[in-house]
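Here's a quick briefing to read alongside the sequence and the 3D view. Take a look at the structure first, then work through the points below.

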Amino acid sequence: MKKLLLLLVTSLILSCQAPNNTPAAVSLGYEIENDKKIDIAPGETSSTAVIEEYFKAYNERDLDKVASLEHSDATFYAPNGTFVDGSEEHIAMSKKVLGTLEYAQWDLIWSISTDIRFETKPTENWVTTCLNVTTGTDNDKTTVQRIVDAQIVDQKIKKMFIYQRTMTEKESQ
């Protein structure tokens, strides 16, 4: 009987403890480092704000603001194989391209911030964003969809990979 009473009291005490609200580590996927899977976890949403600000500045053709959101040694990998080395080169190229376009609009569809928790080097924050990019003239516009993978360091873009696909006519209406 004493054992039964002790079991009931212990159960009562344990059931009255506060629940553990510590979130479990969440893995969204992985990256391979030295033949080992490294977790990719949710990152800071403040990094997605950098991307929002970046493309808002492009929409406003504010290349000074664009430059302020890039590290001076930022690198860019375009879908056509072009490599751009440094913010200064990127801004010069952007001025040239925007100077030829009557219409240019970057519309964000979604954006997600992730952290790659490497074992042999510091954690990296990456923001992956989908956007529709429409360019041309007021009467003749072309829209493509881009996936942009941007490494964010100290709330600035350090590296960017850009992937692109042509949208169907139905999608771009």
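Is K121 buried, exposed or partly exposed? At a relative accessible area of 41%, K121 is partly exposed. Keep in mind that this is a predicted model, so every value here is computed from it.

**The overall picture**

- The chain has four helices and eight strands.
- Going along the sequence, these elements come in the order α-β-β-α-α-β-β-α-β-β-β-β.
- The chain has 173 residues, and 34% of them count as buried.
- Take the contacts between residues at least 6 apart in sequence: 50% of them join residues at least 24 apart.
- The chain's accessible surface is about 11400 Å², and carbon and sulfur atoms account for 53% of that.

**Salt bridges**

- Side chains of opposite charge can pair when their charged atoms come close.
- There are six salt bridges in the structure, and three of them are picked out here: E119 with K36, E60 with K56, and E124 with K121.
- In the E119 and K36 bridge, the closest N and O atoms are 2.8 Å apart.
- E119 sits in the loop between β5 (103-116) and β6 (124-136), while K36 belongs to strand β2 (residues 36-42), so this pair ties together parts that are 83 residues apart in sequence.
- E119 is exposed, with 55% relative accessible area, and K36 is partly exposed at 41%.
- E60 and K56 bring their side chains together at 3.8 Å, N to O.
- K56 has a relative accessibility of 51%, so it counts as exposed.
- The bridge between E124 and K121 also comes in at 3.8 Å, N to O.

**Helix α2**

- Helix α2 covers residues 46-59, which makes 14 residues.
- From its first C-alpha to its last, α2 reaches 20 Å, close to the 20 Å expected at 1.5 Å a residue.
- Which residues of α2 are buried? They are S47, T48, V50, I51, Y54, F55, A57 and Y58.
- Just past the end of α2, R61 takes a positive phi of about 55°.

- A pair of aromatic rings is described by the distance of the centres and the angle of the planes.
- The count of aromatic pairs comes to seven.
- One of them is Y54 with F55, an edge-to-face pair with 5.2 Å centre to centre and 90° between the planes.
- Both Y54 and F55 are buried.
- Y54 also pairs edge-to-face with Y58, at 5.6 Å centre to centre and with 75° between the planes.
- Y54 and Y58 are four residues apart in helix α2, so about one helical turn separates them.
- Y54 has a relative accessible area of 1% and is buried; Y58 counts as buried too, at 6%.
- Put together, Y54, F55, Y58 and W106 make up one aromatic cluster.

- H71 lies in strand β3 (residues 70-77).
- Is H71 buried or exposed? With a relative accessible area of 16%, H71 is buried.
- Leaving aside residues up to four places away in sequence, H71 touches S87, V153, K156, I157 and K158.
- H71 and I152 are 81 residues apart along the chain, and their C-alpha atoms are separated by 9.4 Å.

- Which residues make the nonpolar surface patch? V26, L28, I109, W110 and I112 do, and the patch is about 450 Å².
- V26 is in the loop between α1 (2-15) and β1 (29-33).
- With a relative accessible area of 45%, V26 is partly exposed.

Definitions and conventions. Residues numbered from 1 in each chain as written. Predicted model: local features only at pLDDT ≥ 70, side-chain atom pairs only at ≥ 80, totals over all residues. Heavy atoms only, no water. Patch = residues over 30% accessible without salt bridge, like charges linked within 9 Å, V, L, I, M, F, W, Y side chains within 5 Å. Areas by Shrake-Rupley, 256 points an atom, 1.4 Å probe, with all protein chains shown as cover. Salt bridge = Lys/Arg side-chain N within 4 Å of Asp/Glu carboxyl O. Helix = DSSP H or I, 4+ residues; strand = E, 2+ residues; numbered from the N terminus. Buried < 20%, exposed > 50% of the residue type's maximum accessible area, 1.4 Å probe, protein only. Expected span 1.5 Å × (residues − 1). Contact = heavy atoms within 4.5 Å. Phe/Tyr/Trp six-rings, centres within 6.5 Å; stacked < 30°, edge-to-face > 60°.
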